[in-house]
Amino acid sequence: MMLDPVGVSDIAERSHASSDLVEQWAKQATFPRPQAGRNGTRLWEWRAVEEWLLMSRRLPSSLRYRDMGNGDLIEVQSLEEDEDGCDRWVTYAAFFGSDNTGWRAYPKAAMKEEASDPADARDWAESLLQGWIDARMKWVRKHPDEPMPPHLTGVWWR
């Protein structure tokens with residue numbers, strides 16, 4: 001019996017990725033094997049998927065969105081240990097634009113180094129951006145008269 005069964009859409013939501021990207025991950029030999037759910041759906045144990053995401057560096061153990069000034073540049077950073085054992089923030093992607101002009105995501109060098117190919121890095125940056133935008137829109141729909149919390153305006157800790 002699985003303790004925390006998840007499907008493709010659950011994995012996408014929890015990892016801030018698109019469902020299409022999760023489907024690509026699921027095809028990889030190293031991705032955890034699913035179990036059959038109802039009506040032929042595939043289910044995975046979240047703990048195994050999360051471990052795979054962390055080990056394959058597709059899900060940082062910590063993540064923040066940091067506004068770099070005027071709101072037109074947001075950096076996606078992960079807290080990592082350097083060679084000296086000190087924690088430091090590594091930038092994985094940047095979002096350029098604004099709510100008025102639209103946003104674009106760009107993978108940074110650290111993400112490109114960890115990705116299996118440049119397209120994978122770009123897809124992940126785009127999925128982070130889409131997850132951030134979706135979370136902002138969901139907040140606005142639920143709380144139209146309240147100010148947006150810090151984790152959606154530029155700083156988000158996981």
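Modeller: Two strands count as paired if DSSP finds at least two bridges between them. The model is predicted, so local features need pLDDT of at least 70 and side-chain atom pairs count only at pLDDT 80 or more, while totals for chains, interfaces and linings use all residues. Residues are numbered from 1 along each chain as its sequence is written, and side-chain values use heavy atoms, with hydrogens and water left out.

The setting comes before the detail. The chain has 158 residues, and 41% of them are buried. Buried means under 20% relative accessible area, exposed over 50%, and partly exposed in between, with a 1.4 Å probe and protein chains only. There are 6 helices and 7 strands. From the N terminus they follow the order β-α-α-β-β-α-β-β-β-β-α-α-α. Contact means heavy atoms within 4.5 Å. Of the contacts with a separation of 6 or more, 41% link residues 24 or more positions apart.

In general, strands of a sheet pair through backbone hydrogen bonds, either parallel or antiparallel. β1 and β3 are joined by 2 bridges. There, P5 faces E45 of β3. The hairpin of β2 and β3 has 5 residues between its strands, and N39 has a positive phi near 55°.

R42 also leads out of the sheet. Its side chain forms a salt bridge with that of E23, at 2.7 Å from N to O. The term requires a side-chain nitrogen of Lys or Arg within 4 Å of a carboxyl oxygen of Asp or Glu. R42 lies in β3 and E23 in helix α2 (residues 19-26), so the pair ties together parts 19 residues apart in sequence. The structure holds 1 salt bridge. R42 is partly exposed, at 35% relative accessibility. E23 is also partly exposed, at 28%.

The axes of α1 (residues 8-15) and α2 come within 9 Å and cross at roughly 110°. Axes are lines fitted to C-alpha atoms, for helices over the stretch in contact, and angles run from 0 to 180 degrees between N-to-C directions. α1 and α2 are therefore roughly perpendicular. That label covers 65 to 115 degrees; under 35 is roughly parallel, over 145 roughly antiparallel, and the rest oblique. V8, S9, I11, A12 and S15 of α1 meet S19, V22, E23 and W25 of α2. By class, this contact has 5 nonpolar, 3 polar and 1 charged residues. Nonpolar covers Ala, Val, Leu, Ile, Met, Phe, Trp, Tyr, Cys and Pro; charged covers Asp, Glu, Lys and Arg; the others, Gly among them, are polar.

V22 deserves a stop here. V22 lies in α2 and is buried at 0% relative accessibility. Beyond its neighbours within four places in sequence, V22 contacts V8, I11, A12 and A17. The C-alpha atoms of V22 and D10, 12 residues apart along the chain, are separated by 9.7 Å.

Terms used:
Helices (H or I, at least four residues) and strands (E, at least two) are DSSP runs, numbered from the N terminus.
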